[in-house]
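Please consult the sequence and the structure below alongside the text.

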Amino acid sequence: MKDLPDGVGERDLRAVLRDWDVEVGELGYAAVGFGDYHWIATGAEGRCWFVTLADLAHKVHCGPDETAARHGLGQAMDTAWSLREERGLAFVVAPVRTPGGETLRPVGERYAVSVFPFLDGISGEFGEEARGSVVDLLAELHGVEPPSRVPVLDPDLASRARLEASLGELDRAWTGGPYAEPARALLAGHAPGLRRRLAELDHRIARLSPDRVVTHGEPHPGNVLWAGESRLLLDWDTVGLAVPERDLAFATEAELERYAGLTGHRPDPDALACYRLRWDLDEVATYVTWFRASHSRSEDKELAWTELAEIVARLAQVRSM
């Protein structure tokens, strides 16, 4: 057993898994994903589960603090379960419910556990070339009746207040760790451009259609599992009601044409641009929050720093609306 976060022990994890009537013989850490902690749990009879420990302090898109994030993440997991079990969407990788009907169980104040069926397949990575399109899955998802617990999403940045506070504190030292001062210097050099892009986001949000559908939020290659000929969508913590362009922001022209043919809805170029801009600003807000908090050097932080520098430089360029 390795890589458990501070304050959570193996005994805690095994104890909460009993809420699912899972008696674990072996817990093997799975170094996959970005942000949460994952294990493969093997029961006495050889059955396996995929166990996710979510850090609620880093789930701002689910809620601004640990309590709100636990509620929001619970809504998202319930929605994923409903999409698969009640709406019949077989491509949704949904959590297993406890005998009491819960899809999420707390571990202390900061963490929460979900349990998923263990699936054998190959997933991609964010930013890599997709193995194939999932636009038909998105078209099917966008056409379902929204489950009762589906989160209703604000199109604005979940971490907007934190980002704007950081932009207002560029004249004082940041002391979170080795990337704190470099992050401050980076933002200080591009602050006017970043503020222009935030204003542009406001302008684009104001022009979004009021029509909303159930969206996944991050249907990139890293969240697609290929199991033989089947394509499955993972990581539903970002699920929620939004315009369909939220899921289509990085689709190709051919995929957008196919989506229009499947649904009758031709994606709006302005809405697509809105969500591409929102994605970049949200990444900046997330990485700046990390670097202002207590941190040390790690492979994840090095990757985050590289991406932050690239995104900030791109955002600082003046673009017309």
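Axes are lines fitted to C-alpha atoms, for helices over the stretch in contact, and angles run from 0 to 180 degrees between N-to-C directions. Helices are DSSP runs (H or I, at least four residues) numbered from the N terminus. The model is predicted: local features need pLDDT of at least 70, side-chain atom pairs count only at pLDDT 80 or more, and totals for chains, interfaces and linings use all residues. Residues are numbered from 1 along each chain as its sequence is written, and side-chain values use heavy atoms, with hydrogens and water left out.

**Helix packing**

- Helix α4 (residues 160-167) and helix α5 (residues 180-206) have axes that come within 10 Å and cross at roughly 145°.
- This crossing of α4 and α5 is left-handed (the near helix is turned anticlockwise from the far one by less than a right angle; clockwise is right-handed).
- In contact (heavy atoms within 4.5 Å) are Arg160, Leu163, Glu164 and Leu167 of α4 with α5 residues including Leu187, Ala191 and Leu194.
- By class, the α4–α5 contact has seven nonpolar, no polar and four charged residues (Ala, Val, Leu, Ile, Met, Phe, Trp, Tyr, Cys and Pro are nonpolar, Asp, Glu, Lys and Arg charged, and the others, Gly among them, polar).
- The axes of α3 (residues 135-142) and α7 (residues 253-263) come within 9 Å and cross at roughly 35°.
- α3 passes α7 in a right-handed crossing.
- Five nonpolar, two polar and three charged residues form the contact of α3 with α7.

**Aromatic pairs**

- The structure holds seven aromatic pairs (ring centres of Phe, Tyr and Trp, its six-membered ring, within 6.5 Å; planes under 30 degrees apart are stacked, over 60 edge-to-face and the rest tilted).
- The rings of Phe250 and Trp279 are edge-to-face, because their centres are 5.8 Å apart and their planes at 80°.
- Phe250 lies in the loop between α6 (245-248) and α7 and Trp279 in helix α8 (residues 269-292), so the pair ties together parts 29 residues apart in sequence.

Terms used:
Helix = DSSP H or I, 4+ residues; strand = E, 2+ residues; numbered from the N terminus.
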